Amino acid sequence: MATSFLSTANSFFLSSLPPSTYSSSLSSSLGPALVHLNNQNVQRSTLCKAVNESPLPTPALTKRSFSLCFITGLVLAAGNGCSNAIAAILEADDDVELLEKVKKDRKNRLEKQGVISSSGKEKGYLQDLVYKLSQIGQAIDNNDLSAASSVLGGSTDTEWVKNANLAFNKLSSSTGEKTQVETFNSSLASLISSVTKNDVESSKVAFVESAAAFEKWTTLTGLTGQLKGL
């Protein structure tokens, strides 16, 4: 479209001049304008291409590339003096997205605090879990796997483990929290197996993994300061 427009303008301009002035007039009057507009078109095409090839996720790419290409076209037509305006608009767009994320995070925290506040029974299950892990850890540290086994029980079907998972299921909402619950249960099963086999070293490794997963889970859920012994 731009090429057609320039061609028509060129023909109209030349038809209004005497033949002897075609060359000099075209060079002095229309030449710089054509070069300038051509350069602006090249810059606009290059910039939009760079934006479209950006590795940003598709939703962000669509929104920002459209805005950037549109604003760039206006700025290139008006001159470089509007570059600060582009930066201000894009920065404002980022600020809005950041504000929305902050609001969403705050809403999630308030909802989680509400759930925790109304989960006295589940917090009691978790407090019992803390005590059980403390007893098991002390026994393993003393190489007393018999004492550790008496606390653990022979499987993950013991009442305190079931109760702990009831609390995990109710208070876990994010993917990270659920991942730590899976890690805890897997490590606890390994711990029970190692203790049953009387394998001290494997028991120590499995216990550390179980305790670490539980500690990470309490941090993610905001329960660290609400349970004694952590």
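Helices, for these exercises, are DSSP runs of H or I with at least four residues, and strands are runs of E with at least two, numbered from the N terminus. With that in hand, let's explore this predicted model together.

**Exercise 1. The overall build**

Task: Find how many helices and how many strands the protein has, and work out what share of its residues is buried.

Solution: 
- Step 1. Count the elements: there are nine helices and zero strands.
- Step 2. Read along the sequence, and the pattern is α-α-α-α-α-α-α-α-α.
- Step 3. Turn to burial: 29% of the 230 residues count as buried.
- Step 4. Look at the contacts between residues at least 6 apart in sequence: 65% of these join residues at least 24 apart.

**Exercise 2. The largest nonpolar core**

Task: Identify which residues of the largest nonpolar core touch the most other members, and which helix gives the most to this core.

Solution: 
- Step 1. The largest nonpolar core has 30 residues, and those touching the most other members are L126, L129, I136, F168, L191 and F214.
- Step 2. Two or more residues of this core come from each of helix 5 (120–141), helix 6 (145–152), helix 7 (159–171), helix 8 (175–196) and helix 9 (200–221).
- Step 3. Helix 5 gives the most, with seven residues.
- Step 4. Zoom in on L129: setting aside residues up to four places away in sequence, L129 touches W160, A164, F168, F184 and F214.

**Exercise 3. Helix 5 and its partners**

Task: Decide how helix 5 is oriented towards helix 6 and towards helix 9.

Solution: 
- Step 1. Start with helix 6: its axis and that of helix 5 come within 7 Å and cross at roughly 160°.
- Step 2. An angle over 145 degrees counts as roughly antiparallel, so helix 5 is roughly antiparallel to helix 6.
- Step 3. Helix 5 passes helix 6 in a left-handed crossing.
- Step 4. Now list the residues that meet: K132, Q135, I136, A139 and I140 from helix 5, and L145, A147, A148, V151 and L152 from helix 6. By class, these are eight nonpolar, one polar and one charged.
- Step 5. Move on to helix 9: helix 5 packs against helix 9 at an angle of about 155°, with the axes 11 Å apart. This pair is therefore roughly antiparallel as well.
- Step 6. The crossing of helix 5 with helix 9 is left-handed.
- Step 7. In this contact, L126, L129, V130, L133, I136, G137 and I140 of helix 5 meet S203, K204, F207, F214 and W217 of helix 9. The classes here are nine nonpolar, two polar and one charged.

**Exercise 4. Helix 6 against helix 8**

Task: Work out the orientation of helix 6 towards helix 8 and the classes of residue in their contact.

Solution: 
- Step 1. The two axes come within 10 Å and cross at roughly 135°.
- Step 2. That angle makes helix 6 oblique to helix 8.
- Step 3. The crossing of helix 6 and helix 8 is left-handed.
- Step 4. Helix 6 brings L145, A148, S149 and L152, while helix 8 brings L188, L191, I192 and V195. The contact holds seven nonpolar residues, one polar and no charged ones.

**Exercise 5. Two asparagines in loops**

Task: Locate N143 and N198, then describe the phi angle of each.

Solution: 
- Step 1. N143 lies in the loop between helix 5 and helix 6, and its phi is near 60°, a positive value in a residue other than glycine.
- Step 2. N143 is partly exposed, with a relative accessible area of 46%.
- Step 3. N198 is in the loop between helix 8 and helix 9. Its phi is positive, about 60°, although N198 is not a glycine.
- Step 4. With a relative accessible area of 55%, N198 is exposed.

Methods:
Residues numbered from 1 in each chain as written. Predicted model: local features only at pLDDT ≥ 70, side-chain atom pairs only at ≥ 80, totals over all residues. Heavy atoms only, no water. Core = buried A, V, L, I, M, F, W, Y, C linked by side-chain atoms within 4.5 Å. Buried < 20%, exposed > 50% of the residue type's maximum accessible area, 1.4 Å probe, protein only. Contact = heavy atoms within 4.5 Å. Axes fitted to C-alpha atoms, helices over the stretch in contact; angles between N-to-C directions. Parallel < 35°, antiparallel > 145°, perpendicular 65-115°, else oblique. Left-handed = near helix turned anticlockwise from the far one by under 90°. Nonpolar A, V, L, I, M, F, W, Y, C, P; charged D, E, K, R; others polar.
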